[in-house]
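Look at the sequence and the structure first, then read on.

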Amino acid sequence: MTDTTRSDSHPPTVWPAFQARDPRAVIDFLVALGFEETACYTDDAGVVQHAQLDWPEGGGVMLGAHKPEGPFTQQPGTTAAYVVTRDVDAVLSRALAAGIEVPGGVEERDYGSREVAVRDPEGNRWSFGTYPGEPRRV
């Protein structure tokens, strides 16, 4: 197993943010994989305007309802994210227990990572793997 600890002391400060037609379905999907729902703000109609989901090993994502006329609109289902994890097998087990399709299973990459990839209900690709990125230059 690859060590996912970083040699630097900088906590993650870049958070992917995306929009969804059904943000609640994406939130539930991510929670099933191991994310923690930290915040979820809805409007008067119950539509998710902003949610923050934290990955227990660090970092997280933000999402909300698709706003086609908004200043920062994004097409739902076009995001891809790589999530570093020490335990790919646990992610796979959670995915299978939740009925999530895992087309490739766990794959060994030539750069030393073990990875599994899934698609959320909107089509976004989520890869979970042991490769933590290269250490920062000092």
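Glu108 has Arg114, in strand 7, as its bridge partner. Helix 2 (residues 88-97) packs on the sheet and touches strand 7 and strand 8 (125-129), and its direction makes about 25° with that of strand 7. Helices (H or I, at least four residues) and strands (E, at least two) are DSSP runs, numbered from the N terminus. Contact means heavy atoms within 4.5 Å. Axes are lines fitted to C-alpha atoms, for helices over the stretch in contact, and angles run from 0 to 180 degrees between N-to-C directions.

The model is predicted: local features need pLDDT of at least 70, side-chain atom pairs count only at pLDDT 80 or more, and totals for chains, interfaces and linings use all residues. Residues are numbered from 1 along each chain as its sequence is written, and side-chain values use heavy atoms, with hydrogens and water left out.

**The sheet with strand 7**

Strand 6 and strand 7 (residues 114-119) run antiparallel and are joined by two bridges. Two strands pair if DSSP finds at least two bridges between them. The open sheet has four strands in the order 5-8-7-6, with mixed pairing. Strand 5 (80-84) and strand 6 (107-108) are its edge strands, each pairing on one side only.

Which residues of helix 2 are buried? They are Val88, Val91, Leu92 and Ala95. These buried residues fall within an arc of 100° seen down the helix axis, so they line one face of helix 2. The arc is that of the directions from the helix axis to the C-beta atoms. Buried means under 20% relative accessible area, exposed over 50%, and partly exposed in between (1.4 Å probe, protein chains only). Helix 1 (23-33), strand 7 and strand 8 are among the elements that cover the buried residues of helix 2. Just after helix 2, Gly99 has a positive phi of about 80°.

Six bridges pair strand 2 with strand 3 in the antiparallel sense, and Glu37 has Leu53, in strand 3, as its bridge partner.

Gln52 is also in strand 3 (residues 48-54). Beyond four places in sequence, the contacts of Gln52 include Trp15, Glu37 and Met62. Met62 lies in strand 4 (residues 60-65) and is partly exposed, at 25% relative accessibility. Among the residues that Met62 touches are Trp15, Phe18 and Gln52.

**Salt bridges**

A salt bridge is a side-chain nitrogen of Lys or Arg within 4 Å of a carboxyl oxygen of Asp or Glu. The count by this rule is seven salt bridges. The table lists some of them.

| Pair | Closest N and O atoms |
|---|---|
| Glu37 and Arg24 | 2.6 Å |
| Arg109 and Glu107 | 3.1 Å |

Glu115 is buried, with a relative accessible area of 7%. Arg109 is partly exposed at 30% relative accessibility, and Glu107 is partly exposed with a relative accessible area of 32%. Elsewhere, salt bridges that share partners join Arg24, Asp28 and Glu37 into one network.
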